[in-house]
Amino acid sequence: DLTYVSVEKAIKGINVKADKANMKIDNHGMTISGDGIVNEASPINYKVFVGFDNENEYSINVDGDIREADLKNTITEFPEYVNGKTKATVEFKSLGQTQSIIVNADFKNADVNIPEISFSKKSGEFASLTLDGRYIEDKAIEIRNFKLIDAKSVSEGNAIISLSDAIVTGK
């Protein structure tokens, strides 16, 4: 067991702290897991794996209730579009030069307004998002597939977003 775990800037702008964590090491790698807090407010359950078999092999799995204030100044513009609490599961994997992300989010307890795709909803109304993509180091985020569902519609597509927040291509 580990105590007083702190990971500063786990991903740009995101700090994770935990009073206690579990660490396991075997022939394939090291796993650290537990419950923590993101940027002082959002409780999460996390699991981090660092592999020994392949260069730059690691994964981060996070499940929790995320508040928009905790994601300000990160690589995402989430706080610009969402106000309130979002239940989310995020899986980030890296193997060599390939980095991928899978996100499942439930926006029932949040106001959402995304003018770029003419989507908005009030807290209490159903809406969910699933997406998978990859992070291109310091250049862009490629969203291979996304599906945004609410009580009235389903929106699907893909996009490449530069880290300067300009959409390069999408549909």
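Reader: What should I keep in mind before I start?

Author: Residues are numbered from 1 along each chain as its sequence is written, and side-chain values use heavy atoms, with hydrogens and water left out. As this is a predicted model, local features need pLDDT of at least 70 and side-chain atom pairs count only at pLDDT 80 or more, while totals for chains, interfaces and linings use all residues.

Reader: How much of the protein chain is buried?

Author: Buried means under 20% relative accessible area, exposed over 50%, and partly exposed in between (1.4 Å probe, protein chains only). Buried residues make up 31% of the 171 residues.

Reader: How do I read a nonpolar core, and which residues touch the most other members of the largest one?

Author: In soluble globular proteins, nonpolar side chains tend to be buried together. A core is a set of buried Ala, Val, Leu, Ile, Met, Phe, Trp, Tyr and Cys residues joined through side-chain atoms within 4.5 Å. The largest has 23 residues, and I44, F107, V112, F119, L129, L131 and L148 touch the most other members. Strand 2, strand 4 (42–51), strand 6, strand 7 (98–106), strand 8 (110–114), strand 10 (127–136) and strand 11 (140–150) each give two or more residues to this core.

Reader: What is I44 in contact with?

Author: Contact means heavy atoms within 4.5 Å. Leaving aside neighbours within four places in sequence, the partners of I44 include V16, I37, V38, V62 and I66, along with G34, D35, G36, D63 and G64.

Reader: How is an aromatic pair described, and how many are there?

Author: A pair of aromatic rings is described by the distance of the centres and the angle of the planes. Rings of Phe, Tyr and Trp (its six-membered ring) pair if their centres lie within 6.5 Å; planes under 30 degrees apart count as stacked, over 60 as edge-to-face and the rest as tilted. That rule gives one aromatic pair. Y58 and F92 form a tilted pair, 6.0 Å centre to centre with 35° between the planes. Y58 lies in strand 5 (residues 58–67) and F92 in strand 6 (residues 82–95), so the pair ties together parts 34 residues apart in sequence.

Reader: Is F92 buried or exposed, and what about Y58?

Author: F92 is buried, at 12% relative accessible area, whereas Y58 is partly exposed, at 25%.

Conventions:
Helix = DSSP H or I, 4+ residues; strand = E, 2+ residues; numbered from the N terminus.
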